Structure formats: structure tokens, C-alpha cells
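Below are my notes as numbered points, to be read with the structure open beside them.

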Amino acid sequence: MGALGKVQWQDVAEAIAEALARFPPSAWEKILERQPEYCEMRDLARRFQAAGMEGAFLTVEVMAALNDYAERSERYWQDLAEWLSQALPRTLQELKEQLKPFYEKRRYRSNKLDRMNRFLESEAARALWAATPREVASEFRAWHDRIAQAMGQRKTDKTIITAVKALAAGLLLLGERGVDFSGIPVAVDERVQSLTPFLKSKSEIQRFWDDGLDQVRRKGLPLTALELDSLLWQIAKHDEEGQRAYLEGLGIDPDTARAFLRGLQQARSLGQASHSGF
């Protein structure tokens, strides 16, 4: 890599990290609350909690996230919450029976039914169903391992990280704030990839944002991929005008918003050259 390329790479990372460090805490709260696994599941969380079935709700969150792919619209979480609100499942078997007709109507139904059966018949699902929110939060990073093992997937796979994010959202909805999301990377899908088109592999994209998070934390903000992944996923669906409006809606001051969007634009403008590391 030439010296200029390295300086450009470091400058882009620093510009993005500098802007993220200036986001107010209230903005990060709004970002998390706008995630569908949070906002669409709020009422269902209250019902499970009132029934003393917090572990069952966390199991639903993870199961839903494991099948959150290749959907035609963004109604997936809303549809699932409405489906389950008809009657709360009292056992894992009841949950399977309720979800079977739901997934039979979705895209890739065979794959999604197989994934549903694999997870809900796993030891991880049985343990999660019986656990309390505090128990899950205290071993949160171990649950990342358990979910990946149950599905036979890598911990860095998009659907596994999405499931761990949904587990965190479920804990937050149940009032449990002690979630350690450190060390877990962003989930890379087409949206997130579109923000850094110069990076060609999932591992490179995850390393880029991991290193960016390290820079933010060195500035004193304990940011994790839970917050950053949500921000990237939400902002990536907008064009430039929509991105400005989105940031304004979060209460980001204009100077910080411009700095962040300028950093994203610089990342895109790096082109197709190969870069590695900060």
C-alpha cells in the first residue's frame, strides 16, 4: 500500500470516529429503539413479562432473528409480533406449532422451517427458555457462542449476529441493562456493505468498523457494535437527503451530521483500491 493510500484510510476512519463520538447519548437510545426487533416487539415483551415468561420472550427474539433474511418488506417483525399476540406459547413445542404456519407463508419457507426446528430443538433454546434476563445478561457473550453452535454457523455470520442483537434488544425491553456487547462485530448485509463498497469481503468490513469502534472508545465513548450496527443498518437505506433528515430526527447537530456524512462519502470515494488495517 502506498503512503497516500494509508493516510487516506486513516483519515477516513478518524473522521467517522470523531463524528460518532459527538453523537449525544439520547441519539443512541433512539437508534436502538428504532430497530424492528425492539419497537415491533415492545407490546409482546410486556405480555410475556406479565405472564412471568421472560425467557420465552428472549427465545422468540432469537428465533425470529435467525430467520430474518430474504424478506420482501420490512414488515417481518411486525407480522411475527401480530401472529404470536393471538396466544402466548407456553412451551417450546407450542412455539414451534404456532410458528410453523407463519413460516410456511414466508419466502424460503423450507429453509426457515428447518432453521426454526434446529434452533427450537436445541439445548440452547431449552436453556434460554428457562433462564432469567439477569442470568442471560451475566453470560451474554457465552450466548453468542451457544447460538452459533446450535445453528452450526460461524459467530461472524450475519444471521448469528442479528440473533445476538435481538437477544440484546429483548433484554433491554425486559429492563435488563447489563449487556456486554463488546467484541461482537457488526452484521454485514447488502445495506451495510453499500456504505463501504471498496471493501470486498465481510471480514474486511467488520474489521473496518471494529477498528473505528476502537477509535471512538479511545475518545471516551463506550460504543459497541450493538449501537453502531443499528445506525449503519438504518442510515444505509436512505439517499443523501434522507440521511440528513434521519440524523436531524435523532437530534444530531448540523455540524456533526455533516461531518459524519462527509466521512461516509469519503469512505465510498476511496474506490476499488485494496486497503488493509488502520
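1. A word on terms before the helix pairs: axes are lines fitted to C-alpha atoms, for helices over the stretch in contact, and angles run from 0 to 180 degrees between N-to-C directions. Helices (H or I, at least four residues) are DSSP runs, numbered from the N terminus. Please keep in mind that this is a predicted model, in which local features need pLDDT of at least 70 and side-chain atom pairs count only at pLDDT 80 or more, while totals for chains, interfaces and linings use all residues. Residues are numbered from 1 along each chain as its sequence is written, and side-chain values use heavy atoms, with hydrogens and water left out.

2. Let me begin with α5 and α12. The crossing is right-handed, that is, the near helix is turned clockwise from the far one by less than a right angle, with anticlockwise giving left-handed.

3. Which residues of α5 and α12 meet? From α5 come Phe57, Leu58, Glu61, Val62, Ala65 and Leu66, and they face a set in α12 that includes Thr159, Ile160, Ala163, Ala166, Leu167 and Gly170. Contact here means heavy atoms within 4.5 Å. By class, this contact of α5 with α12 has 12 nonpolar, 3 polar and 1 charged residues. For these classes, Ala, Val, Leu, Ile, Met, Phe, Trp, Tyr, Cys and Pro count as nonpolar, Asp, Glu, Lys and Arg as charged, and the others, Gly among them, as polar.

4. A second pair is α2 (residues 25-33) with α15 (residues 225-235), where the angle is about 70° and the axes are 9 Å apart. These helices are therefore roughly perpendicular to each other, and their crossing is left-handed. Trp28, Ile31 and Leu32 of α2 make the contact with α15 residues, among them Leu226, Leu228, Leu231 and Gln234. The class tally for α2 with α15 is 6 nonpolar, 2 polar and 1 charged residues.

5. Helix α4 is worth a look down its axis. After α4 comes Gly52, with a positive phi near 70°.

6. In α6 (residues 76-84), the buried residues are Tyr76, Trp77, Asp79, Leu80, Ala81 and Leu84. Their cover includes α3, α4, α5, α7 and α12.

7. Finally, two single residues. Ile16 sits in α1 (residues 3-20) and is buried, at 4% relative accessible area. Its C-alpha is 8.3 Å from that of Leu261, although 245 residues separate Ile16 and Leu261 in sequence. Thr196, in the loop between α13 and α14, counts as buried at 0% relative accessibility. Leaving aside neighbours within four places in sequence, Ile16 is in contact with Phe208, Trp209, Phe260, Gly263 and Leu264, and Thr196 with Ile205, Phe208 and Trp209.

Note on methods. Helix = DSSP H or I, 4+ residues; strand = E, 2+ residues; numbered from the N terminus. Parallel < 35°, antiparallel > 145°, perpendicular 65-115°, else oblique. Buried < 20%, exposed > 50% of the residue type's maximum accessible area, 1.4 Å probe, protein only.
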